[in-house]
Amino acid sequence: MRELIQAGSREHGTTFFLSSHILSEVEKICDRVGILHQGRLLRAGRVAELTGSEQKRCLVRVGNADVAVAVISEAGWDVTTQTLPKASHETGVRMEVSVSDAEIPRLMRFLSAGYFDVYEARPFVKSLEDVFREMVASA
């Protein structure tokens, strides 16, 4: 069904209106979405725009996060922190760092040179489900 909808849209310029609670599928099929909650349109736009996938971000989990955030910010990167759940067995604090793919190795060298323990580093993109939850929570 996914291929049929995408082919119809691509080959014939047909617009499909798809209503679904399965946001992972919506994200794969649609290029534009509207987020509805209790009968109100909260937001509409391109999937890449809403999820921020056009912005390059890296999720980094480090020890001694307060110092790491200060040092990374001072070096010119935009950084925000995420609090780990209380039940989490993970060590450290997660940070989202605005960084291009080409800058990720430099960021890792920078953290290593500062003797920060890096427990995790990976590209970070919000899912449509994440965006929906955030928007509904703030509505």
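Trainee: Why is glutamine 38 called exposed?

Mentor: Exposed asks for over 50% relative accessible area, and glutamine 38 has 71%. Therefore glutamine 38 counts as exposed. Keep in mind that this is a predicted model.

Trainee: Where is glutamine 38 found?

Mentor: In the loop between strand 1 and strand 2. That hairpin has two residues between the strands.

Trainee: What makes the phi of glutamine 38 worth a remark?

Mentor: Most residues other than glycine have a negative phi. Glutamine 38 is not a glycine, yet its phi is positive, at about 50 degrees. Tyrosine 115 is another case: its phi is near 60 degrees, and it is not glycine either.

Trainee: Where does tyrosine 115 lie, and why is it called exposed?

Mentor: Tyrosine 115 lies in the loop between helix 5 and strand 6. Its relative accessible area is 75%, and the cut-off is over 50%, so tyrosine 115 is exposed.

Trainee: Which side chains of strand 1 are buried?

Mentor: In a regular strand the side chains alternate between the two faces of the sheet. Strand 1 (residues 32-37) does alternate: Val33, Ile35 and His37 point to one face and are buried.

Trainee: Why does glycine 45 count as buried?

Mentor: The limit is under 20% relative accessible area. Glycine 45 comes in at 2%, so it counts as buried. You will find glycine 45 in strand 2. Leaving out residues up to four places away in sequence, glycine 45 touches Asp31, Arg32, Val33 and Leu50.

Trainee: How far is glycine 45 from aspartate 78?

Mentor: They are 25 Å apart in space, C-alpha to C-alpha, and 33 residues apart in sequence.

Trainee: Now the other strands. What order do the four strands of the open sheet take?

Mentor: The order is 4-5-3-6, with antiparallel pairing. 

Trainee: Why do we speak of strand 4 and strand 6 as edges?

Mentor: Strand 4 (79-82) and strand 6 (118-123) each have a single partner strand, so one side of each is left without a neighbour in the sheet. From one strand to the next, the twist averages 20 degrees.

Trainee: How do you know that strand 3 and strand 5 pair?

Mentor: Set the count against the rule: at least two bridges are required, and strand 3 and strand 5 have six, in the antiparallel sense. Within that pairing, arginine 57 stands opposite serine 98 in strand 5.

Trainee: Which helices pack on this sheet?

Mentor: Helix 4 does, touching strand 3, strand 4 and strand 5, and its direction makes about 10 degrees with that of strand 5. Helix 5 packs there too, touching strand 3, strand 5 and strand 6, at about 20 degrees to the direction of strand 3.

Trainee: How many residues does the largest nonpolar core have?

Mentor: It has 16 residues, and Val60, Ile72, Val97 and Leu107 are among those with the most contacts inside it. Two or more residues come from each of strand 3 (57-62), helix 4 (65-74), strand 5 (93-98) and helix 5 (104-113). Helix 4 gives the most, with four residues.

Trainee: What does valine 97 touch?

Mentor: Beyond residues up to four places away in sequence, the partners of valine 97 include Cys58, Val60, Ile72, Trp77 and Leu107. Another core lies apart from the largest one; this other core has 12 residues, including Leu23, Val26, Ile29 and Ile35.

Trainee: What radius of gyration does the protein have, against that of a compact globule?

Mentor: A compact globule of 139 residues would be near 14 Å, but the protein has 19 Å. The C-alpha trace spans about 55 × 35 × 25 Å along its principal axes. Of the 139 residues, 31% count as buried.

Trainee: And how many helices and strands are there?

Mentor: Six helices and six strands.

Key
Residues numbered from 1 in each chain as written. Predicted model: local features only at pLDDT ≥ 70, side-chain atom pairs only at ≥ 80, totals over all residues. Heavy atoms only, no water. Core = buried A, V, L, I, M, F, W, Y, C linked by side-chain atoms within 4.5 Å. Buried < 20%, exposed > 50% of the residue type's maximum accessible area, 1.4 Å probe, protein only. Contact = heavy atoms within 4.5 Å. Axes fitted to C-alpha atoms, helices over the stretch in contact; angles between N-to-C directions. Rg over C-alpha atoms; globule rule 2.2 N^0.38 Å.
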